[in-house]
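Subject: Structure for your review

Dear colleague,

I am passing on the structure we spoke of, with my notes set out below it. Please read the notes with the coordinates open beside them.

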Amino acid sequence: MAEGGKKVTVAVTSCNKEKLEAVDSAFASHFADASLQILSHSSDSGIPHGQPWGMQHTYEGALARLHHLKSSGGALSCDYLVSAENGVCAILGHASTTALDVACVIIERRSDGKQAMNFSQGRPYPLQEVQEMIRAGASGKDPRLSAVRSP
């Protein structure tokens, strides 16, 4: 690990300002004496409809972004790679649906390929969008929810 006044370069699989700021904050707290360079790279999640649905799908999107970044050669000189993918996790109740926006973050140390993965806490996802997805899934128009039926 690069510490003690050294330069630490981190490639992030996103150009999203909030994700870049979060990565910068996390690495700055861990490498307090290092000079950080955060590089943003637009990386494809491979999710055809854009929004991952469920924890597994969200993890797969983060992993695909990481693979895309590595295969593009955009992170060869970096010390760390970070992939952050947000997805929606639905809790289907008897009377209503609650949805949470969660982030899956994968960090890879380039020197040895060691990876760590975790999910964020959930935050409420806009209910109107969830209800629209459920209606589309019940009608067969949204593949993310094709198994979900409206009450």
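Of the 151 residues of the protein, 37% count as buried, where buried stands for under 20% relative accessible area, exposed for over 50%, and partly exposed for what lies in between, with a 1.4 Å probe and protein chains only. The model is a predicted one, in which local features need pLDDT of at least 70 and side-chain atom pairs count only at pLDDT 80 or more, while totals for chains, interfaces and linings use all residues. Residues are numbered from 1 along each chain as its sequence is written, and side-chain values use heavy atoms, with hydrogens and water left out.

The secondary structure comes to 3 helices and 6 strands, in the order β-α-β-α-β-β-β-β-α from the N terminus on; helices (H or I, at least four residues) and strands (E, at least two) are DSSP runs, numbered from the N terminus. Among contacts with a separation of 6 or more, residues 24 or more positions apart account for 58%, a contact being heavy atoms within 4.5 Å.

The largest nonpolar core has 10 residues, namely Val8, Val10, Val12, Leu20, Val23, Phe27, Phe31, Ala34, Tyr80 and Val82; such a core is a set of buried Ala, Val, Leu, Ile, Met, Phe, Trp, Tyr and Cys residues joined through side-chain atoms within 4.5 Å. At least two residues of this core come from each of strand E1 (7–12), helix H1 (17–30) and strand E3 (80–92). Apart from it lies another core, of 9 residues, including Leu66, Ala75, Leu81 and Cys104.

Thr13, in the loop between E1 and H1, is buried, with a relative accessible area of 1%. Its side chain is joined to that of Ser83 by a polar contact of 3.2 Å, the term denoting a pair of N or O atoms within 3.5 Å, of which, within protein, one must be able to donate a hydrogen and the other to accept it, and residues adjacent in sequence count only if both atoms are side-chain atoms.

The largest pocket has a volume of about 530 Å³. On a 1 Å grid over the protein atoms alone, a pocket is an open set of points where a 1.4 Å probe fits, with protein on both sides within 12 Å along at least five of seven lines, and lining residues have an atom within 4 Å of a point. Of the 27 lining residues, Glu18, Lys19, Ala84, Asn86 and Ala103 are the closest to the centre of the pocket. H1, E3 and strand E4 (97–109) are the elements that give two or more residues to the lining, and H1 gives the most, with 6 residues.

Asp101, found in strand E4, is buried, with a relative accessible area of 10%. A polar contact of 3.0 Å joins the side chains of Asp101 and Asn86, and, beyond its neighbours within four places in sequence, Asp101 is also in contact with Gly87, Gln121, Gly122, Arg123 and Tyr125.

Lastly, Glu60 in helix H2 (residues 55–72) is partly exposed, with a relative accessible area of 39%.

With best regards

Notes: Grid points are joined across faces, edges and corners, and a volume is the space filled by probe spheres set on the points.
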